[in-house]
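Here's a friendly first walk through a protein model. Have a look at it, then read on.

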Amino acid sequence: MERVNLSRRKRSLSNEVCERIIHDFIASEKVKPGSLLPSEKELTEKYDVSRVTLRAAVKSLHDRGVVSVRNGVGATVLPQTPASSAIVHHLDRLASLDKAASDAGKLLDTEDLKWGQGIVTPEISTKLRLPVGDPVYYVQRSKTLDGTKIAWTIDWLPTTIVDLDLLRNEFRGSLLDALLLHSELELNYADLEVAPQILDSEIASHLRTAAGGPVLYLDTVVYGAAGQPDIWGQVWVLPEHVRFFIRRHM
């Protein structure tokens with residue numbers, strides 16, 4: 001696989017418009033649950049985008065469970081999850097824990113950050129389809145909320161697809177968020193498994209808590225458009241700080 005020469009790019013325009021609508025109308029409560037968003041004409045004029053782009057943005061809002069859409073009526077804002085001291089992570093979105101916290105108006109800090117190069121083990125080989133013994137990059141860190149450690153994260157990625165020095169310069173706490181800035185990588189979807197575990201002594205030490213308690217383990221493989229695995233993420237989350245949520249709809 002050829003090395004990609006990364007250059008900073010923003011997410012797609014429709015995703016930007018989607019985030020702006022959430023910020024401008026929904027998170028701000030300018031449009032209350034049960035009320036309609038402004039018309040398609042008003043939104044295209046406000047954001048200076050085409051109807052095609054706006055419709056893609058509204059579809060994203062619908063897919064996230066933020067609005068319901070009826071032809072001839074418009075997009076109605078849906079009630080969101082109740083307020084909580086815990087971060088709510090919508091698992092149907094290709095988004096980081098940092099992004100979920102930001103959407104909730106909270107800021108996660110990164111501690112114990114370490115970048116390195118390791119060797120592909122049989123387990124890494126299974127996840128990233130790399131030969132055992134090949135080099136592989138990793139980045140590990142803890143995530144804290146208001147001074148409390150809530151998660152321990154390790155990400156693995158092939159050495160052949162990124163310039164590590166550039167990636168380190170762009171890193172702001174989430175490897176996924178850094179790579180999503182680069183549309184040429186075409187990160188497309190992820191397979192995620194969530195499993196309850198008992199904290200072992202190693203993970204407990206990273207989280208500054210006692211071994212033997214509950215922890216949620218998130219095993220995520222992020223794929224590019226061609227179906228190649230580009231990131232394997234391992235996250236251990238203390239369940240009292242993060243709630244995982246999926247809205248199912250027709």
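What follows covers the nonpolar cores and then a few salt bridges.

This is a predicted model, where local features need pLDDT of at least 70, side-chain atom pairs count only at pLDDT 80 or more, and totals for chains, interfaces and linings use all residues. Residues are numbered from 1 along each chain as its sequence is written, and side-chain values use heavy atoms, with hydrogens and water left out.

Let's begin inside. A nonpolar core is a set of buried Ala, Val, Leu, Ile, Met, Phe, Trp, Tyr and Cys residues joined through side-chain atoms within 4.5 Å. Buried means under 20% relative accessible area, exposed means over 50%, and partly exposed is in between (1.4 Å probe, protein chains only). The largest such core here has 20 residues, and those with the most contacts inside it are Ile124, Leu128, Val136, Trp156, Leu199, Trp232 and Trp236. Elements giving two or more residues to this core include helix H5 (122-128), strand E5 (135-145) and strand E8 (214-224); helices (H or I, at least four residues) and strands (E, at least two) are DSSP runs, numbered from the N terminus. E8 supplies the largest share, four residues.

Zoom in on leucine 128: not counting residues up to four places away in sequence, its contacts (heavy atoms within 4.5 Å) include Val136, Trp156, Pro229 and Trp232. There's also a second, separate core of 19 residues, with Val31, Leu43, Val49 and Leu54 among them.

Now for the charged pairs. A salt bridge is a side-chain nitrogen of Lys or Arg within 4 Å of a carboxyl oxygen of Asp or Glu, and the structure holds twelve of them.

| Salt bridge | Closest N and O atoms |
|---|---|
| Arginine 55 – glutamate 40 | 2.8 Å |
| Lysine 143 – aspartate 98 | 2.8 Å |
| Arginine 208 – glutamate 111 | 3.8 Å |

Arginine 55 sits in helix H3 (residues 51-63) and glutamate 40 in helix H2 (residues 40-47), so their pair ties together parts 15 residues apart in sequence. Arginine 55 is partly exposed at 48% relative accessibility, and glutamate 40 is partly exposed at 26%.

Lysine 143 is in strand E5 and aspartate 98 in helix H4 (residues 97-103), so this pair links parts 45 residues apart in sequence. Lysine 143 is buried, with a relative accessible area of 2%, and aspartate 98 is buried at 16%.

Arginine 208, in the loop between H8 and E8, pairs with glutamate 111 in strand E4 (residues 109-119), so parts 97 residues apart in sequence are tied together. Arginine 208 is exposed at 60% relative accessible area, while glutamate 111 is partly exposed at 27%. Through shared partners, salt bridges join Glu111, Asp112, Lys149 and Arg208 into one network.
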